Amino acid sequence: MVRGLFFVLLLIHASSSANGADEKEAPWLTLNGKAPAVVAREGFSGQFPEDTGMAFQMRTYDGMLLLCSVQLTMDNGAVCQPDVEISKSTNVQALHPNMTKTYNVNGKNVSGYFTIDYTMNDLVETMVGVQRIMTRSDAFDGYSIMPFEGESQFKMPLLWINVPYVQFFSEHKMNMEDFIRQVPLTSKHCLSSPEIGFLKAMSDRKLPAGLKLYFAFHGKDAVEPTTKKTYGSIASDLAALKPIVAGIVVPKDYIWPVDKSNYLVAQPTTLVTDAHKLGLEVYASGFANDNVLVYNYSYDPMAEYLNFISNGQFSVDGLITDFPPTATDAIMCFGPLRENRSKQGQPLIITRGGAYGVYAPSTDLAYKRAVDDGADVIDCSVQMSQDGVAFCMISPDLTASTTAATIFVDRITDVKEIQEESGIFSFALSWDEIQTLQPQLSTPYEKSTGLKRNPLFRNKGKFVTLAQFLEFARSKSVTGILISLDNAPYLASKGLDLVTTVTAALTKAQYDKKSGPQVFIQSDDTSVLAKFKNFPSYKRILSIKEEISSVNKAAVEEIKKNADGVTLTRYSILPTNPQGFTTVETPIVETLHSANLTVFVSTLNNEYITLAFDYFADPTVEIATYTHTVGVDGFVTEYPKTASRYQRNPCSDINRSYIILPARPGSLLNETRAAPADPPKPALTVQDVVDSPLPEVAKPKDPPSKQKQEASTSSSSAAAGLQSTAPAVAVAVALLCFLTAGHNWGS
């Protein structure tokens with residue numbers, strides 16, 4: 001039984017998509033010139049266990065097909081399952097721990113649990129589906145497996161039937177050809193198989209008019225059971241397939257290969273154009289938002305889909321995907337001639353470290369890329385070197401963003417006023433020393449997950465001083481700049497005046513004038529923000545880094561004394577439960593907006609591991625959610641291109657018939673057996689907002705390098721002094737001895 005708002009939204013989305021795009025349909029480079037089709041592999045398998053009722057109880061989008069891979073049972077029934085071996089997609093192992101068997105499957109011995117050893121009743125009535133990909137939620141485990149039977153199933157608007165193991169079943173005295181011939185197929189169905197013999201046998205029989213057959217390729221080195229040829233060699237002779245099938249299904253690397261470094265090769269193959277010349281359709285398979293995407297896509301699944309349907313050279317005729325909503329959005333919203341639109345009153349796109357998703361943060365390359373990618377506001381978190389040079393870096397601890405740990409390991413210290421972990425801090429190194437370092441592109445979750453960002457460019461770029469940043473921003477005519485000032489009290493104790501340094505730099509670059517980019521001054525310290533009251537053209541932003549659930553009235557009034565807006569964490573606005581589902585929308589944004597305070601949310605990233613499950617592993621859905629469900633005034637992101645693409649497509653208009661659906665907080669939670677939410681985070685109070693006045697800036701101490709030099713000089717001088725007086729001392733000692741000796745002798 002389908003329940004909850006989530007599915008209501010899907011139904012609304014499905015019906016609205018039937019109207020197509022509001023704009024005149026642009027031409028597609030598909031075989032028939034129409035929009036590519038979307039095929040949901042084993043249902044909506046990216047969110048729900050494959051081939052369960054939950055995965056299939058989703059109305060199709062316009063032109064979308066539901067794909068079921070047919071596996072036969074011991075009593076000549078059939079179920080939808082991705083593989084004939086079912087231990088990863090069902091709970092069979094828990095039910096029958098000692099019933100594993102080993103069979104030869106297409107030339108390889110495979111051990112596990114197989115559909116041919118169970119009846120339909122065993123599979124459908126006693127077993128349930130489970131999510132077999134560990135990074136996906138198991139909260140939907142426990143729904144029944146879909147049987148492949150019944151008139152209602154074959155009345156589905158568009159059903160794609162995949163038959164992957166014909167020879168295996170034949171070896172076990174089960175005839176897949178006879179089974180499929182009994183299926184009430186229509187012209188709305190598609191039939192595919194990786195076995196040429198089966199497709200040839202089906203094509204020789206009378207089939208419903210309009211029913212299409214497709215040859216499904218496996219990996220290039222795998223062997224096709226009928227011809228004993230590799231699939232790679234078959235791909236080089238597509239003309240031989242033309243008499244048998246209407247099209248082919250190929251893994252996406254057949255179309256656009258990936259090198260050993262996980263980057264796309266420079267140019268795609270000619271497979272799509274070659275197939276189209278023969279009149280063959282091409283469906284690309286293997287799409288999943290939570291795959292480790294090639295680095296060219298910067299973890300944005302929308303970018304990958306577009307590379308196959310809107311690259312200016314060709315378009316595949318269909319996408320076989322685990323996440324059909326994202327593929328459909330790509331087609332409906334980002335197809336030909338629908339990009340590069342002007343943005344219409346959307347939230348500001350504010351960077352963190354520039355395009356930190358592509359280049360090392362706060363480098364010249366990261367800032368250039370951010371501007372090119374459509375950022376509205378570029379940021380500089382100002383750090384200070386030991387000798388007072390202000391420069392841009394996302395943290396005063398240089399160990400993550402530079403190669404400091406390989407050069408200045410002797411400078412590792414503990415500064416509890418800044419962070420719990422030890423680090424190598426900018427204020428412990430001179431600017432000359434910092435310039436000997438290389439930038440370093442890394443993320444907080446790289447070690448735990450292995451997800452890297454653009455590793456071939458890991459150490460590219462140059463560090464940027466505050467003065468250079470200000471000059472660059474003005475030359476690029478960005479909407480605004482965000483200058484972050486943290487740790488000012490501690491820096492003052494080290495003789496470094498952060499506020500005065502930044503104020504002087506902004507004034508020197510004439511940012512205090514009303515013309516030019518908007519200046520946002522951000523800090524987690526209200527005493528720092530108070531220092532900028534005399535600059536009315538600047539907007540002051542209080543950064544609230546702690547997770548909170550609400551803001552009381554007194555705290556709001558206190559914020560307004562020193563700030564024009566706040567930056568909040570994502571989880572202060574849309575908290576999630578321990579299993580990664582959003583629970584509610586807190587009232588914070590509404591409260592702050594009612595007090596005429598601007599609200600920014602930080603930090604949005606593309607990596608699927610940073611996204612709540614409500615967003616379908618699609619960062620564009622998260623952006624849509626904060627835009628339309630929450631209504632923030634800006635989002636801080638390390639991937640400005642993803643946000644810019646969303647804001648410049650027609651589906652970002654909430655009044656359009658087809659939109660990219662924002663999430664509804666808590667709607668998916670109603671469909672799960674998920675654990676309850678954590679207790680609410682504390683409310684923000686006046687005590688949390690008021691900070692102590694900034695201390696006086698201490699008299700600068702000589703840096704350790706200078707102290708060492710002076711110590712060395714003193715030692716050298718002392719040594720030289722000792723050497724120069726040695727003869728006189730020797731004479732004096734000799735004279736003393738002589739006098740003493742003479743006296744003795746005289747006695």
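Predicted model: local features only at pLDDT ≥ 70, side-chain atom pairs only at ≥ 80, totals over all residues.
Side-chain values use heavy atoms, with hydrogens and water left out.

**Exercise 1. The chain as a whole**

Find how many helices and strands the chain has, and what share of its residues is buried.

Solution. Start with the secondary structure: the chain has 26 helices and 22 strands. Helices (H or I, at least four residues) and strands (E, at least two) are DSSP runs, numbered from the N terminus. Next comes burial, where buried means under 20% relative accessible area, exposed over 50%, and partly exposed in between (1.4 Å probe, protein chains only). Of the 747 residues in the chain, 55% are buried. Finally, look at contacts, which are heavy atoms within 4.5 Å. Among contacts in the chain with a separation of 6 or more, 72% are between residues 24 or more positions apart.

**Exercise 2. Disulfides**

Work out how many disulfides there are, and how the bonded cysteines pair in sequence order.

Solution. A disulfide is a covalent bond between the sulfur atoms of two cysteines. The rule used here asks for a pair of cysteine sulfur atoms within 2.5 Å, and by this rule the count comes to 3 disulfides.

Step one: Cys68 is joined to Cys80, S to S 2.0 Å. The torsion about their S-S bond is about -100 degrees, so this disulfide is left-handed. Cys68 sits in strand S2 (residues 64–72) and Cys80 in strand S3 (residues 78–80), 12 residues apart. Both Cys68 and Cys80 are buried.

Step two: Cys333 and Cys651 are linked, with their sulfur atoms 2.0 Å apart. This link is left-handed, with -95 degrees about the S-S bond. Cys333 is in helix H11 and Cys651 in the loop between helix H24 (640–647) and strand S22 (683–684), so the pair ties together parts that are 318 residues apart in sequence. Cys333 counts as buried because its relative accessibility is 0%, and Cys651 is buried with a relative accessible area of 1%.

Step three: Cys380 is joined to Cys392, S to S 2.0 Å. With -105 degrees about the S-S bond, the link of Cys380 and Cys392 is left-handed. Cys380 lies in strand S13 (residues 377–384) and Cys392 in strand S14 (residues 390–392), 12 residues apart. Cys380 and Cys392 are buried.

Step four: number the bonded cysteines of the chain in sequence order, and the pairing reads 1-2, 3-6, 4-5.

**Exercise 3. H10 against H11**

Describe how helix H10 (residues 301–309) packs on helix H11 (residues 324–334).

Solution. Take the geometry to begin with: the angle is about 60 degrees, and the axes are 9 Å apart. Here axes are lines fitted to C-alpha atoms, for helices over the stretch in contact, and angles run from 0 to 180 degrees between N-to-C directions. Angles under 35 degrees count as roughly parallel, over 145 as roughly antiparallel, 65 to 115 as roughly perpendicular and the rest as oblique. H10 and H11 are therefore oblique to each other.

Now list the partners: Pro301, Met302, Tyr305, Leu306 and Ile309 in H10 meet residues of H11 including Thr326, Asp329 and Phe334. The residues of this contact of H10 with H11 divide into 9 nonpolar, 1 polar and 1 charged. In this scheme Ala, Val, Leu, Ile, Met, Phe, Trp, Tyr, Cys and Pro count as nonpolar, Asp, Glu, Lys and Arg as charged, and the others, Gly among them, as polar.

**Exercise 4. Backbone details**

Locate the cis peptide bond between Ser602 and Thr603, and the place of Lys228 and Asn596.

Solution. The bond from Ser602 to Thr603 is cis, with omega near 0 degrees, and Thr603 lies in strand S20 (residues 598–604). Turning to phi, Lys228 has a positive value near 65 degrees, though not a glycine. Lys228 lies in the loop between strand S8 (212–216) and helix H8 (231–235), and is exposed, with a relative accessible area of 55%. Asn596, also not a glycine, has a positive phi of about 60 degrees. Asn596 is placed in the loop between helix H22 (588–594) and S20, and counts as exposed at 69% relative accessibility.

Note on methods: Residues numbered from 1 in each chain as written.
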